[in-house]
Amino acid sequence: MIASLRELGMALRSGALSPVEHVTETLDRLAADQHNAVITLDAERAVTQAKELAEELARGEWRGPLHGVAVGVKDLFDVAGLPTRAGSNVLADAPPATADAPVVARLRAAGAVVVAKLHTHEFAYGPTGDAAATGPALNPHDRTRITGGSSSGPAAAIAAGHLTLALGTDTGASVRTPAALCGVVGLKPAFGTLSTDGVFPLSETCDHVGVLAADAHAAGVAWDVLSRPDGTGGGIQAPGVTGVRVGVLVDDYWRAYDPALTSAVDAAVETLRARGASVVEVSTPMIDELAATYPVIVGAEAYATHATWLAERPEAYQDVTRERLMPYAEQPAREYVDAMRTRRRLAVAMREAVGDVDVLVLPTTRLRATPVGVADVDVDGRSVLVRAQLLALTLPFNLTGWPAVSVPGDVPDGGLPAGVQIVGVKLEERGVLRVAAALARD
């Protein structure tokens, strides 16, 4: 199992571990991965870069806490010299990218070594991670179960101990849901704070670049590097939540179906209360109407991207992806415009409804990891669609654009991971990560 980013960074800076040793060991682990997390290894270039970074350290030069650290990126990001296939046979013959996506370039400038492109649900259009040209990604906690998606490979690679940090994207769930199901940390920053240039789009008005990490500290370091013009970063401030106002959502919409998820959130709220936070109940009567705009908006924007390929090569898509996209071919433009107008109006109403809280704390998903390939599960005697339950509690914050992070919660049954979601209302990314750090196990 790989060390934490804090320990890894200290070892690299002190010389106890060389970047070449670390990168080589990481490449070996990724090559032996049994979770279908890896799409392409960039081994030769990674080792060359590691050697250059080792020479910098020998000269006393240090770029910061990511100097020499191996990272992975979801195969939705352009990486110079490698094709971006987005999990699809549609792009099987895609040429190599000519330049890194800006967020990838920023990681490299901070000393990170990009070692691999990682699995994604096809075109990022799904929260399960089991529909892709390369087959399903498998959960390191139980390989018969899904990782969640669409940032399936990043979550699996971190949960398996191969990496401490990876880049993902989040349009409705795609960083936070795989983080929750795999038991790692997933940060979706506020909308527009990180560039989506060089990232294959799903829905331009909901797409966010995010990070998956082994712990809140690593997510904080990545956020500092990615969000600051000078690329510096030192992680989040010391945990502390005294005076933070925590909102607990009481509407039925926000209820988890798995009792372990409810228990994990209850425990998290009590931990924050014990550490100095105040807790208030919050109601959001507009949430069902707001959430109903999501599939209309994302479906229309996604179909617009794929219309030509769907007409020319429909067979190149995974069946489930094609079946989800095609209904939007007949959607009137008026429905999309109405949904966008409703979204803007209700996002304002939701902000007013949550009032004076700093953060919201709630489950990340309604279910824990389900078996691979299972579309429906039984909940209290009724069948529910897995995909919908993995999206429902995260997608509202893509519509509002608020920052949110999923962190592992305490699981009373000792079973599959449970995600606790912390959403910034007044607090921005560093504040949300500070709350997340306060929930870290001692």
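**Helix H9 and the overall fold**

Helix H9, spanning residues 287-312, contains 26 residues and extends 38 Å from its first C-alpha to its last, close to the 38 Å expected at 1.5 Å a residue. The model is predicted.

**Overall dimensions**

- The protein comprises 14 helices and 13 strands.
- A compact globule of 442 residues would have a radius of gyration near 22 Å, and the 21 Å found for the protein agrees with this.
- Taken along the principal axes, the box filled by the C-alpha atoms is roughly 60 × 60 × 40 Å.

**Burial, surface and contacts**

- Buried residues make up 60% of the 442 residues of the protein.
- Among contacts in the protein with a separation of 6 or more, 76% are between residues 24 or more positions apart.

**Nonpolar cores**

- The largest nonpolar core consists of 111 residues, and Leu167, Leu360 and Ile422 have the most contacts inside it.
- Helix H9 contributes the largest share of this core, with 10 residues.
- Apart from this core lies another, of 25 residues, including Val38, Ala70, Ala156 and Ala157.
- Leaving aside residues up to four places away in sequence, Leu167 touches a set of residues that includes Gly72, Val73, Lys74, Phe77, Val103, Pro154, Val209 and Leu226.

Definitions and conventions
Residues are numbered from 1 along each chain as its sequence is written. This is a predicted model: local features need pLDDT of at least 70, side-chain atom pairs count only at pLDDT 80 or more; totals for chains, interfaces and linings use all residues. Side-chain values use heavy atoms; hydrogens and water are left out. Helices (H or I, at least four residues) and strands (E, at least two) are DSSP runs, numbered from the N terminus. The expected span of a helix is 1.5 Å times one less than its number of residues. The radius of gyration is taken over C-alpha atoms; the globule rule is 2.2 Å times the number of residues to the power 0.38. Buried means under 20% relative accessible area, exposed over 50%, partly exposed in between (1.4 Å probe, protein chains only). Contact means heavy atoms within 4.5 Å. A nonpolar core is a set of buried Ala, Val, Leu, Ile, Met, Phe, Trp, Tyr and Cys residues joined through side-chain atoms within 4.5 Å.
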